[in-house]
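Let's take a walk through this one together. Have the fold open in your viewer and follow along.

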Amino acid sequence: MSDDVKKLALDQAKKFGGKLEIKSKVKINDKKDLSAAYTPGVAAVSSAIANNKNLAYSLTIKKNTVAIVSDGSAILGLGNIGPEAAMPVMEDKAALFKRFANIDAIPIVLGTQDSEEIIKTVKAIAPTFGGINLEDISAPRCFEIEKRLIDECDIPVFHDDQHGTAIVVLAATYNSLKLIHKKLADIKIVINGAGAAGLSIAKILLAAGAKDITLLNSKGIINEEDPNLRPHLKNIAKKTNRKHISGGLHTALKDTDLFIGVSVADLLKKEWIKDMAGKPIIFAMANPNPEIMPDKAVAGGAYIVGTGRSDFPNQINNVLAFPGIFRGALDARAKEITMKMQIAAAKGIASLIPDNQLTTTNIIPDVFQDGVAKVVAKAVKNARK
C-alpha cells in the first residue's frame, strides 16, 4: 500500500467519521406524520406482522437488509486485530453493498471469538435481516460457524472470504480455459493455501467438474494418508491429490495447467513455471503482494496471470460476486445460497466478457463494468428456481 493511499484513507475516515449514516425514508414534519410513523399508527403495522411474520419482508427493512458480521479474528492481511479495528473493513463492505447492489448492509462486530457465542448471537439478531454476510472470521472456526448458521437460520448465510473469492476464481478459470482450448475436467490444478478461501475454491472447482486438484498448506501437499491431518482437511483430502504424491509446491506444479495461490507473497519461483503444462495459468492472489509478481510470472513463461490487485490486469476481486449474489438471494427470498447458485454466479460473471473480447489480459470484468451485479443477481435468482 502506498503512502498516498494510506493518507487518503485516514483523511477520509477523520473527515467523515466512518462511511455510513442512517436516513429516514419518511418525512416527520408534523403531528400527522408522527402519528403515522410512530404511535399510534405503527401499532397497525406491528399487528399485521404479528398475524403474518412474512409481512416483515414487505413492511420493514428486512427485505433489503444484510448484516455483515465479524469477530475481528482474520482481518485482511492484518490477522486477529479485534472487533474495533475490524469496523472500518465492515463499513467498507456495507458501502460496497449499497454502491453495487443497492442493498442496505449493517456492520456488526462482536466482542467474542467463541464460536458458540457467535452462533447464538447471529441467530438472535437474524429476524432483523434478509441475509447474513459473515466476514473475516478465522479458519477453521469459520467453517463450523457458517455450517451451523446455514442449518439453523431461515435466511441465507454466506461467508464471503470463502465463497466470494471462489466464485470469481471459477469465473476467471472458465474464461482462461477458452483461451487455452481446454476443459475443466481435463486440466491439472494446484491450489496453494488451505485456509477458508483455498478450501472453498477447491470445493467449487470440484462441483463444477474439475477432476485433478492438488491442495497444499504450509506443510506441503495435503494427502489423505497423512495420520496427522487436521479434521477440517480430511474431507477435501479424499477428493484431491488422488495420486497421493508428497512434497512441496515445486513437486506439485509438474505438468500443472492452473496455479491458484491464496497464501503468502513470493512463494512461487519464476523458474518453476517452465515445469508446468503448456500455456500455464497463474492466479497469484496473496495480498498485498502476490505469490509471484506478474512480470516475473510472464518472464517465467506464464500465459495468463491474475492477481487480487487493482493495479494489474485480471483482478480477481470478490466485489464482482457478493453484491449480486445477495441481491439475487434477497429477490428470490432464498433460505440459503447453494452451490448451484454459486456456480451460476460464476458463469454470469464470466459471460460479461464476450468471447471476441477475451484476451490474456482481459479474462474477468472490471468491478465498475455496468451491470455486473444485475447479471449475477439474475443468474442466482434463476438458479434458485
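**Rings and strands**

Start with the aromatic cluster: ring pairs link F97, F158, F322 and F326. Rings of Phe, Tyr and Trp (its six-membered ring) pair if their centres lie within 6.5 Å; planes under 30 degrees apart count as stacked, over 60 as edge-to-face and the rest as tilted. Before going on, note that this is a predicted model, where local features need pLDDT of at least 70 and side-chain atom pairs count only at pLDDT 80 or more, while totals for chains, interfaces and linings use all residues. Residues are numbered from 1 along each chain as its sequence is written, and side-chain values use heavy atoms, leaving out hydrogens and water.

The structure holds 4 aromatic pairs. One of them joins F100 and F368: the ring centres are 5.6 Å apart and the planes at 55°, so the pair is tilted. F100 is buried at 18% relative accessible area, whereas F368 is exposed at 55% (buried is under 20%, exposed over 50%, partly exposed in between, with a 1.4 Å probe and protein chains only).

Now look at T65, A67 and V69, which point one way from strand 1, while V66, I68 and S70 point the other way; all are buried.

Note on methods
Helix = DSSP H or I, 4+ residues; strand = E, 2+ residues; numbered from the N terminus.
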